[in-house]
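Reader: I have a model to go through with you. Can we take it piece by piece?
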Amino acid sequence: MSQINQSGRKTSAIEVEDLTVSYGPVPALLDISLAIEEGKLVGIIGPNGSGKSTLMKSMLGFVKPDVGAVRIFGTDVSNVKGRVAYVPQRGAVDWDFPITVREVAAMGRYSYRRWWQDLTAKDYKLADDALEKVRMSDYRGRQIGQLSGGQQQRVFMARALAQDADILLLDEPFAGVDAATERAILDVLEDLKNDGKTVVVVHHDLATAAEYFDLLILLKQRLFGFGPPKMILNPKLLGDVYEGTLRVFAELEKQGAED
Amino acid sequence: MYEALTQFQLEYGYLINPLIVGTLVSIVCSVVGCFIVLRGMSFLADAIAHSMLAGVIAGYLFMKVIFGQESHLGGMLIGATLAGILTVAMVGLVTRFSRIKQDTAIGIMYTGIFAMGSFLLSLDYIGGIVQIDIYHFIVGDVIAVTTGELWLLAIVTSIVLSVVILFYRPLQLTSFDPIMAASIGIPVLAVEYLLTACTSLVVVSGVQIAGVILVVALIITPAASAYLLTDRLDRMIVTSAILGVIGFWIGFLIANLTGSAAGASVVITMTAIFFLCLVLAPRYGLLADWIRKRNTVPQEIMEDVLGSVMRSPDDSITVEEVLGYIKKPNMKIRKSIDMLERQGLLDVDHGKLKLTKDGLFEAKRLVRAHRLWETYLDQTSVPKEEIHSRAHQLEHLQDQSMVDYLDDKLGHPITDPHGSPIPIDEKRISRDGKVLLSWLREGYRARIVEQRPCENPVNIRVGDIVSMGERSKDGAIWTVITASGTQLELDHDQADSLLVAVEQPE
């Protein structure tokens, strides 16, 4: 599904160019430029408040940049509709909202219909298939607040699958889920990658970052590094970003020595 | 017949307009209210209601000065709506560009705009031109509704309802997940302003019934009641509309019978309906919550029942005996027995209880936890006479990893301090496929599947079949017989270093 632009060069799935975003006087992101090729599994890491979620929201076109642009397959993100699917952070969802599991999954089909059109039987079929894929079919009629943390995460995965987007963004999908769910989510992500989709994940656990992702984006307001885990997870770079939390690097260094 | 109708018309005809208006306005208020409740915008709706005063006066002045029209309702309606939108825009502006939080910004803006309205009205010059009955405005007066106003409100109602139906999905998605809404190209901010415009229109209509102070109740109270009753947005909207209409009719009738103010009585009725829902709602009501809590049977009691059935002499025991053994409320014990039967752990036959196969496994797991705790407590400073009762409390803590820890720390004991055997977790051994050799008891046959590093590695290969012999030296030494007949003696570390798959328990 890769696309060739007019000059004949392959365009990147996600291209961030000179991006600066601010809420108030302090920029949340400063001068970020990077290009993510299609079919990669990418992790965004960085300390709390380093702009990870803001970068993700920029890729969704939810925040307006002060400077720069985000392009999805060469098109400015504000003109791209539905090619990017999104799994929100668990804490960002109102779990008391009157909505069932099936309705959430069906939301993935909204981008295929005009805003006044109803969803079709085919849309519901696709939503059900997506729920089947994450093994949540038995919970279709449940209100989303009545599920366990891992199940809730899977419902939103199903929504993203139903959307059948080319790019999938996940905000801390592994926070507060058990090991089995973490594995299950990762399996789905790898399947998606093998289907040629581009997957970007905000991640907080440095210890597993190298194992899970092809590429890492190391962020603290500015871009400190973008590349394969081997290049990013070096003590010098991490030391610059995570000042003070030295224990982590000591362990990583040890791991590095063993490799 | 005709005369009777005319008679009726003469006597009660004045009620027809108010009833139609009230029904329409209640429906539209409760429908929009659903989105307001879900987005946490109630206070904003209140602010819009108060800022209306300034808008109404502005609209009135505009129509009077420019077109010479006296108290032009449309003009006032548009003025009020614009004032509402202006309030929301200013709240948004202050929140975005200063460190002031939203609730404070709302508080400042609406009181400011309301004060501006009442200041203007109190000026002799303007007060002379603008004939607005401020009392009517504050408490509402649905009886005084004219046919012209009725038509206007009917139009407003149909516009707002059409908007909600047409924009149902954008409204739902922006309320639930604005980030996804933005990513699929829904203009989130525009939808928000659309909802604000609807709220302004609805507030302006509602003021006819309840006045500026109480109008918020028409919007949020039925919606909040419906929120307690259902789990789906479409149903919540319909339920809210029905509750709103019921609340209006009952309140209006009461007001007519008692000669009280209609607005107040409608709001009281809606509040009463809310409390009914709060207490009686099937899932989210207080009563349901209380019943749920009362009906849950603590795991503890269920385990005690299993334990007493297992300890009974011929594996069978009457319900009465169980009630005698366990010192807990009889009702809870009976419920536990029901629950265990439903879970397939217990057979109940003519008042006699028997463990099923699964029940036996479960009971053994429990006895295992209890006896491991006793063995552990025996090594601590807990007084001997307390050991049993302590272990009885602690056995309910049977988190798998905790039991494993105790078992390992104690060297996988085979008996407790009283000499009673500690059962092994048979189900787990057959299910997990790969377990520590140290867990197995005499008589088990198993195949070695993995050998972990250990200080004195055992002379054995992966794939060898072994059978378990006796434990010696108070259980500290495991005896293992290999297929060739060699007898190996392993200590705790060595036994733990071997992972095996059980071939066939004998």
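Reader: How many residues of chain B are in contact with chain A?
Author: This is a predicted model. In it, 20 residues of chain B are in contact with 20 residues of chain A.

Reader: Which helices of chain B supply at least two residues each to that side?
Author: α9 (168-176), α10 (178-183) and α12 (233-258) of chain B do.

Reader: And how do the residues on that side of chain B divide by class?
Author: The side of chain B that touches chain A has 13 nonpolar, three polar and four charged residues.

Reader: Switching to α3 of chain A. Which residues are buried there?
Author: Leu126(A), Ala127(A), Ala130(A) and Leu131(A) are buried in α3(A). Seen down the axis, the buried residues of α3(A) fall within an arc of 140°, so they line one face of the helix.

Reader: What covers them?
Author: The cover includes α2 (101-107) and α4 (149-163) of chain A.

Reader: What about the face turned away from the buried side?
Author: That face of α3(A) carries the exposed residues Ala121(A), Lys122(A) and Lys125(A).

Reader: What comes just after α3(A)?
Author: Arg135(A), with a positive phi of about 55°.

Reader: Domains next. How is chain A divided?
Author: Into domain 1 (1-83 + 166-259) and domain 2 (95-164). Their contact takes ten residues from domain 1 of chain A and eight residues from domain 2 of chain A.

Reader: Which helix gives the most to the domain 1 side?
Author: Helix α5 (residues 179-194) of chain A, with three residues. By class, the side of domain 1 of chain A that touches domain 2 has five nonpolar, three polar and two charged residues.

Notes. Residues are numbered from 1 along each chain as its sequence is written. Chains are lettered from A and ligands numbered from 1 in the order in which they are written. This is a predicted model: local features need pLDDT of at least 70, side-chain atom pairs count only at pLDDT 80 or more; totals for chains, interfaces and linings use all residues. Two residues are in contact if their C-beta atoms, placed from the backbone, lie within 7 Å. Helices (H or I, at least four residues) and strands (E, at least two) are DSSP runs, numbered from the N terminus. Ala, Val, Leu, Ile, Met, Phe, Trp, Tyr, Cys and Pro count as nonpolar, Asp, Glu, Lys and Arg as charged, and the others, Gly among them, as polar. A residue is buried if 20 or more other C-beta atoms lie within 10 Å of its own, exposed if 12 or fewer, and partly exposed in between; C-beta atoms are placed from the backbone. The arc is that of the directions from the helix axis to the C-beta atoms. Domain bounds come from an automatic or database domain assignment.
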